[in-house]
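I opened my notebook to look up a few things in this structure.

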Amino acid sequence: MNELISVIVPVYKVEQYIRRCVDSIINQSYSDLEIILVDDESPDGCPEICEEYSQRDERIKVIHQKNKGLSGARNAGIDLARGEYIAFVDSDDFLAMDFIQILYQAIKKSNSDIAMCKYEYVKGDYLTQSHKAGESYVYTGVQMIEKMYSPDGAFFVVAWNKIYKKDLFDQVRYPNGRIHEDEATTHRLYYAAKQAVFVDWFLYGYFVGGESITRKKFNRNRLDWAWSVEQRLNFLEEKGLNEILPIAIRSYADGIIDLFFQCKNGLPDSKKEQQMLREKVRDAARRNRQYGTFPMKTRIGYTLFYRCPMIYQKLLQSCSAPVLKEKVMEHYDKE
């Protein structure tokens, strides 16, 4: 017998895309759904569109709330959800028709608490790779945390390409008032899960033409990334996951360097924030000493960045410094 799955959609300033998103949910091959549209005080026509859909499909519920941001919208949906499982969909994205069915079946077959798939960057209205079925892989929760630092780590970090057992959220909510909220939350859900299943299949369309919070030009809110990932490091230490910490700290330091240059280029009046980010790289190098040592060239690179970031940048961009370039280029200018 199928179980009820609650699909939570935060809605804000996506009038041009919301119908495509909701249509992709109501047309899922798995029909036992509760669809929760959370209007986060959207100033356009989205509130009316949400109400229109609620009149057309009895599975749809609409919440209208004062603006609380993406985290607050997700949390409101979680509080209302009645399903045994929860999924999140960003309102300018869309799902393959079998997204729910395939992930639900993977959960039941593997006896997992979380199922996830790959997502495809799309500019149009359809997925080009959803027909390419892949294998399923089962991991423990701790192994899923480790996967957050793999080359495909982004698939494992984001909130919205997954189905979760609802009781994982009994003690977990997204941090209100911040963006990069999944960076501060997903690892907690993995740790609470007995195991999770990764379906190597592109079933979620991540629309790159929209204007979501994290796709806008750089602003101070983007600094929330540093706070979120630092919270994750603290969690790993608290739980004694020391074997993950060396790569986690290094990933954090490299990400801070990326954030520094985005901040410098995007916010000319951000000297205070730039200094704070430099100090975070220095502190990360010190923090790692109790778990091991970085390679010599990495340590030199971090020291050079802290003392003179502009020389570091020139070396990074120079063909005469291939090692430094290789170490952090994947984190630099990725937006």
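**Entry: a pocket.** I started with the second largest pocket, where H11 gives the most to the lining, with 5 residues. Helices here are DSSP runs (H or I) of at least four residues, and strands are runs (E) of at least two, numbered from the N terminus. Helix H10 (271-287) and helix H11 (296-307) are the elements that each give two or more residues to this lining. I noted 13 lining residues, with Arg 282, Ala 285, Arg 286, Arg 289 and Thr 303 nearest the pocket's centre. They divide into 4 nonpolar, 4 polar and 5 charged. Asp, Glu, Lys and Arg count as charged; Ala, Val, Leu, Ile, Met, Phe, Trp, Tyr, Cys and Pro count as nonpolar; the others, Gly among them, are polar. The space in the pocket is about 250 Å³. A pocket is an open set of points on a 1 Å grid where a 1.4 Å probe fits, with protein on both sides within 12 Å along at least five of seven lines; lining residues have an atom within 4 Å of a point.

**Entry: the model.** This is a predicted model: local features need pLDDT of at least 70, side-chain atom pairs need 80 or more, and totals for chains, interfaces and linings use all residues. Residues are numbered from 1 along each chain as its sequence is written, and side-chain values use heavy atoms, without hydrogens and water.

**Entry: domains.** I found domain 1 (5-207) and domain 2 (220-319). Their bounds come from an automatic or database assignment. Their centres, taken over C-alpha atoms, are 30 Å apart.

**Entry: helix H1.** Buried means under 20% relative accessible area, exposed over 50%, and partly exposed in between (1.4 Å probe, protein chains only). Among the buried residues of H1 are Arg 20, Cys 21 and Ile 25. The buried residues pack against several elements, including strand E1 (5-11), helix H2 (46-56) and strand E9 (196-207).

**Entry: Gln 65.** I located Gln 65 in the loop between E3 and helix H3 (69-80). Gln 65 counts as buried, at 13% relative accessibility. Leaving aside neighbours within four places in sequence, its contacts include Val 38, Asp 40, Gly 72 and Ala 76.

Methods. Points joined across faces, edges and corners; volume = space filled by probe spheres on them. Contact = heavy atoms within 4.5 Å.
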